[in-house]
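Let's work through a few exercises together, with the structure open beside you.

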Amino acid sequence: MSIVLRQGLIIGPTSSVIGDVLVVDGTIADVGPAIDAPSDAYEVDARDCWVGPGFVDLHTHLREPGREAAETIESGARAGALGGYCALVAMPNTEPCLDNVATVSYVLARGATTPLDICVAGAITQGRRGEALAPMAEMAALGVRLFSDDGIGVRDPSVMRRALLYANPLGVRLAQHCEDEQLAGGGTMNEGALSSRLGLTGRPALAEELMVMRDLELVRATGAAMHFLHLSTARSVALVVAARAQGLRVTFEIAPHHFTLDEQCCEGYDPAFKVHPPLRTRDDVAALVAALRRGDVDAVATDHAPHAPELKDLPFDEAPAGMLGLEHAASLTYEALGAPQCDPAVFFQVMSRGPAAIAQLRREDAPPRHSAHGGSVAPGEDANLTVFSPSTHWTVSRSALASRSMNTPYDGRELSGRVRATIAKGRLVVDQEVLT
Ligand SMILES: [Zn+2]
């Protein structure tokens, strides 16, 4: 099957050019000003759209196995495709958790039946209990390149140091959820004057920042690589940016909810706004947006966390933390980058090229059974492409999302920019907001 994308703005890492892209048998076959496509090629009108490497999400909770009422690998992949994603990294806090070869193999096999590349983040410790290390080498042999106990941070510094020393020669990267759970103290929103007024227990910014500081020193001591998940405060970002400039092998992601929503959203006690780390202050949001626009951010990641309605529709302090992300992350990022002044090169850097490098999904290091992501739109590359329409406006409707869950904090919000088409593993899986 061949597909031709007509007259889109093709986004390179530094420059962009208007032209056609021809995809044949899963590979980009030709790129040029006006291509002679085979007569049976499926045509996508990409005028006024951006054509770039398919999005990669470093942080997706697919909930399978164990909580299929909230999401499945298949429904999560559909939501991802509509959001322009061609690859998702499935987080390990499933039931049972992804801390062993059998469960990881199950997720990879189920993922292979979807149109996207489904990768796995394996657990760092057995049962994500923060004690004995999980068999990282065995999981790495299956192609696992990221490890995390996400949902919680690895609290014991001796365990974290051992994990870094173990991961380093394997060529894999640890990804830490930075929150000291003792300091976070079971809190439900950001700690501050507002949490006091609302009568809710707070999670202090310091609970996150202390673990960032500690882990930066563990990275410095071990020489290993580390990825910082969903940083939410101005200081956390500044700490990691400074350490990266010193040559430490550290990367970080920020999530759309942390750069578009602040703690004031919790005033109505709506559990849709409960998330860990929590929504922070306006100053933190402004600092995250500024970092994004400066090009300091390695990746935007969704932390897509579906919850079935009967669990999420509880009082604020009892509801589980987490919100949906896959289907609106691109629009929110486009807006935060200053739509319509958004720089498309930065947009594809944080949505595709940056995360693909962290997940080791680029052509030079893609693991077995996965195609390559985050590269150039050039002949010979695997065809993972996102066509994004900056001029489209749309309104989020929680009941219209492809996810099995509805816990979006953006229900009813009008957004700018939308995915026009997704070509994953050479197949057109989304065309104009419709799954094909
Ligand atoms: Zn997390």
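**Exercise 1.** What do the buried residues of helix 8 pack against?

Before starting, note that this is a predicted model, in which local features need pLDDT of at least 70, side-chain atom pairs count only at pLDDT 80 or more, and totals for chains, interfaces and linings use all residues. Residues are numbered from 1 along each chain as its sequence is written.

Step 1: helices (H or I, at least four residues) and strands (E, at least two) are DSSP runs, numbered from the N terminus.
Step 2: a residue is buried if 20 or more other C-beta atoms lie within 10 Å of its own, exposed if 12 or fewer, and partly exposed in between, with C-beta atoms placed from the backbone. In helix 8 the buried ones are Ala-234, Ser-236, Val-237, Leu-239, Val-240 and Ala-243.
Step 3: two residues are in contact if their C-beta atoms, placed from the backbone, lie within 7 Å. The partners are helix 7 (205-222), strand 13 (226-228), strand 14 and helix 10.

**Exercise 2.** Find out how the buried residues of helix 10 are arranged.

Step 1: helix 10 covers residues 282-294, and Asp-284, Val-285, Leu-288, Ala-291 and Leu-292 are buried there.
Step 2: looking down the axis of helix 10, these buried residues fall within an arc of 125°, so they line one face of the helix. The arc is that of the directions from the helix axis to the C-beta atoms.
Step 3: on the other side of helix 10, Arg-282, Asp-283 and Arg-294 are exposed.
Step 4: the cover over the buried residues of helix 10 includes helix 8 (234-245), strand 14 (250-254), helix 9 (256-260), helix 12 and helix 13.

**Exercise 3.** Describe the contact between helix 12 and helix 13.

Step 1: the axes of helix 12 (residues 329-336) and helix 13 (residues 344-358) come within 10 Å and cross at roughly 145°. Axes are lines fitted to C-alpha atoms, for helices over the stretch in contact, and angles run from 0 to 180 degrees between N-to-C directions.
Step 2: helix 12 contributes Ala-330, Thr-333 and Tyr-334, while helix 13 contributes Phe-347, Val-350 and Met-351.

**Exercise 4.** Is Tyr-85 buried or exposed?

Step 1: Tyr-85 sits in strand 7 (residues 85-90).
Step 2: Tyr-85 counts as buried because it has 35 C-beta neighbours inside 10 Å.
Step 3: beyond four places in sequence, the contacts of Tyr-85 include Gly-54, Leu-116 and Leu-326. The C-alpha atoms of Tyr-85 and Leu-326 are 8.0 Å apart, although 241 residues separate them along the chain.

Note on methods. Expected span 1.5 Å × (residues − 1).
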